[in-house]
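These are my notebook entries from one sitting with the model. I put down what I looked up, in the order in which I looked.

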Amino acid sequence: MIIDIQKIPVKGLKIVEDFNFASKQLVEEDAVFLEPVHAEIEIKKIQSKIKIKGRIFTKLNLICGRCLSPFLYKIDSSFDLVFLPIESFELKEELETEDLEKLFYSNEEINLSEIVLEQLNLSFPLKPLCSDECAGLCPVCGQRLKDKKCNCEIDRVDPRLKQLNLFKKG
């Protein structure tokens, strides 16, 4: 969805839209959409600055990083962005910190679909977990420890420290 900067009214735009993205567009490789991404977005033009404030909602199926079980992951994420015309950016030999935080538009248009997809990808956890208490898999037999406990003996001593353990016993 392309927004023409020249056609933004003085009072701004309110957009309520469902976006359909392919799962392969996500940074989380195993994610599967259970519903479209619902977005509620306000766009305001203040001189050459474009303020975009919004919220996205969706449900996905993710794979737990500990136990490898699929689980429902709900996204409810807000964002507040300011875009400047690319022409206002000065070329410098070295960028400063505040330069890295600036967003730009060109050709008097902004691609709203790209913004929604970017915000969706930024809302993923680094390591998806079905729950904070997930015990994962047994390193010996591979049993999911949330389903049932196994009777495996797990030697939790770091092999690099085994010699110190012998010294401690002796």
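**Pocket and helix α2**

I began with the lining of the largest pocket, to which β6, β7 (103-105), β8 (109-111) and α2 each supply at least two residues; helices (H or I, at least four residues) and strands (E, at least two) are DSSP runs numbered from the N terminus. I note that this is a predicted model, in which local features need pLDDT of at least 70 and side-chain atom pairs count only at pLDDT 80 or more, while totals for chains, interfaces and linings use all residues. Residues are numbered from 1 along each chain as its sequence is written, and side-chain values use heavy atoms, with hydrogens and water left out.

I then asked which residues lie nearest the centre of the largest pocket. I found Phe83, Ile110, Asn111, Glu114 and Ile115 there, among 13 lining residues.

Turning to α2, I saw that eight of the 11 residues of this helix (residues 112-122) are buried, so it is largely enclosed by the rest of the structure; buried means under 20% relative accessible area with a 1.4 Å probe, protein chains only. Ile115 and Gln119 are among the buried residues. I looked up Gln119 separately: its relative accessibility is 9%, and it touches Ile56, Phe79 and Leu81, not counting residues up to four places away in sequence, where contact means heavy atoms within 4.5 Å.

At the start of α2, I recorded a side-chain oxygen of Asn111 within 3.0 Å of the backbone nitrogen of Ser113.

Last, I checked Leu68, in the loop between β5 (49-63) and β6 (70-85), and found a positive phi of about 65° although Leu68 is not a glycine. Most residues other than glycine have a negative phi.

Notes. Buried means under 20% relative accessible area, exposed over 50%, partly exposed in between (1.4 Å probe, protein chains only). A polar contact is a pair of N or O atoms within 3.5 Å; within protein, one must be able to donate a hydrogen and the other to accept it, and residues adjacent in sequence count only if both atoms are side-chain atoms. On a 1 Å grid over the protein atoms alone, a cavity is a set of points where a 1.4 Å probe fits but cannot get out, and a pocket is an open set with protein on both sides within 12 Å along at least five of seven lines; lining residues have an atom within 4 Å of a point.
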